[in-house]
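Q: Please take one part of this model and look at it closely. Then follow its links to the rest of the chain.

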Amino acid sequence: MRATNTTFILTVMTIVVLLLSVAFIFVGSGFDFDYIIPKRLAKLAAIFIGGCCVATAAITFQTLAGNRILAPSIMGYESIYLVFQALLLFFLGTGGIAIVGVVGNFFISMVLIFFYSLAIQYWVIQKFQRDMYQVLLIGFVLTMVLTTLAQFIQLRISPGEFSVFQGLSYASFDRAKPAILLCAAGTLAATAIIAKKCIRELDVVGLGRDQAISLGLNDANYIPKYFALIAILVAVSISLIGPTAFMGIFVANIAYSLAGTSQHRVTLPIGCAVAIIMFIVAQLIVEHLFNYKTTVTILVNILCGGYFLAMTMRARRQL
C-alpha cells in the first residue's frame, strides 16, 4: 500500500511540475521564440538544477546531522559566498564584477565554496567527527563570523555597489548562461550518480551514528564523503541561483511528510519536485503578480521562515 501511495504522489508531483513548467514558459510570452521563450527555458533549467541541488543537499545534511530543523547554510557556505561577493565589489567595484563576468563569478564562487568545505573537513570534521553537535556548533559560529565580516565590508562600499551586492545576495535565475548551465548540470548528474549508489547507506546513516557503526559503517569514511557531496551541491546551487536560506528545511520536511517514510529513494525525488514547484511558483508570482517589485528570495523566506517557526513551536508543545 505504501509503495502504491508513493508512486501516486510521485506521479502527481511530476504532472504538477510539467504543467507549471509549460505555464512558466508560455504564459505572457506572446510565443516569442526568438528571445522570451529561450530566456525562460534557460531560467527553467536553472530552476530544475538549483531545486534538485537544494533538496538533495538539505535531505542529505539532515540525515547526517540527525536533525530535521537544520540546513547546510549553518556550516557557512552561503556566508563565504557573500563575503567573496562583498570583497569583489570592495576591491574591484562594479567594473570588476563586469570584468569577472557572470560565468567567471560562477566558477570562482563554486571553487571557493568547495575549498572552504575542504578546510572545514580538514580542521573541524576530522577532529570532531565523533561529536556531530560540536561540528554544527563550530559551523554556526563560522556562519556568524563570516556574515558579520560581509556586513562590515558592505559598510565600506558605495551605495551603487551595495545595490549590486543586494542583487547578488538574492536568489535569481537570470544569471543562467549556457556555459554555467552545462557545468552545473554535469556536476549535478555526477553527484546524482554517487547519491544513487549511496541510497541504502544513507538509509543506514539515518538510523543514527551508533546504529550505523553497529551495522558496519565507518564514520571516519562516510561523514567526510557526505559532507563533500553536500558541499558540491551547495556550491552549485549558490553559485547558480544565489543563497536560499530556510528553503532546505522546508523542502526536506515537506518531502518527509508526503513520503511518509525516511527512505531516501523516496524522499530525494519528492524533495526535488517540491523545490522545483516552489521556485516556479515563486518566479511566476514575481513576474506576473508583483511585476518584479519583489524577489524570489523574499517570497521563499517568508514561507519557509514561517514554516520553520511553526514547526519549532509545535515541537516545543510536544515536549
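**A close look at helix 6**

A: Helix 6 covers residues 178–197, which makes 20 residues. From its first C-alpha to its last, helix 6 reaches 29 Å. That is close to the 28 Å expected at 1.5 Å a residue. Keep in mind that this is a predicted model.

Now look around the helix. Which residues of helix 6 are buried? They are Ile180, Leu181, Ala184, Thr187, Leu188, Thr191 and Ala195. These residues cover an arc of only 135° around the axis, so they sit on the same side of helix 6. The other side of helix 6 has exposed residues: Pro178, Leu182, Ile193, Lys196 and Lys197.

Thr191 is found in helix 6. Its relative accessible area is 5%. Buried means under 20%, so Thr191 counts as buried. What does Thr191 touch, leaving aside neighbours within four places in sequence? Its contacts are Leu229, Ile232 and Leu233.

Asp174 lies in the loop between helix 5 (159–168) and helix 6. The side chain of Asp174 meets that of Lys43 in a salt bridge, at 3.1 Å from N to O. Lys43 is in helix 2 (residues 36–65), and the two partners are 131 residues apart. Asp174 is partly exposed, with a relative accessible area of 39%.

Lys43 has another partner to consider. Lys43 also forms a salt bridge with Glu287, and their closest N and O atoms are 3.3 Å apart. Glu287 lies in helix 11 (residues 264–289) and Lys43 in helix 2, so this pair ties together parts that are 244 residues apart in sequence. Glu287 counts as buried, at 8% relative accessibility. Side chains of opposite charge can pair when their charged atoms come close.

How many salt bridges does the structure hold? It holds three. One of them joins the side chains of Glu201 and Lys225, at 2.7 Å from N to O. Glu201 lies in helix 7 (residues 199–205) and Lys225 in helix 9 (residues 219–241), so the pair ties together parts 24 residues apart in sequence. Glu201 counts as partly exposed, at 22% relative accessibility. Lys225 is partly exposed as well, with a relative accessible area of 35%.

Now turn to the nonpolar residues. In soluble globular proteins, nonpolar side chains tend to be buried together. Here the largest nonpolar core has 101 residues. Those with the most contacts inside this core include Phe61, Tyr77 and Phe227. Helix 3 gives the most to the core, with 16 residues.

Tyr77 shows how such a residue reaches along the chain. Not counting residues up to four places away in sequence, Tyr77 touches several residues, among them Pro72, Ile113, Phe227 and Val234.

One more residue is worth a look. Gly93 has its place in helix 3 (residues 77–128). Gly93 counts as buried, at 7% relative accessibility. Beyond its neighbours within four places in sequence, Gly93 is in contact with Leu88 and Glu161. Compare Gly93 with Val234: they are 141 residues apart in sequence and 26 Å apart in space, C-alpha to C-alpha.

Note on methods. Residues numbered from 1 in each chain as written. Predicted model: local features only at pLDDT ≥ 70, side-chain atom pairs only at ≥ 80, totals over all residues. Heavy atoms only, no water. Helix = DSSP H or I, 4+ residues; strand = E, 2+ residues; numbered from the N terminus. Expected span 1.5 Å × (residues − 1). Buried < 20%, exposed > 50% of the residue type's maximum accessible area, 1.4 Å probe, protein only. Arc of directions from axis to C-beta. Contact = heavy atoms within 4.5 Å. Core = buried A, V, L, I, M, F, W, Y, C linked by side-chain atoms within 4.5 Å. Salt bridge = Lys/Arg side-chain N within 4 Å of Asp/Glu carboxyl O.
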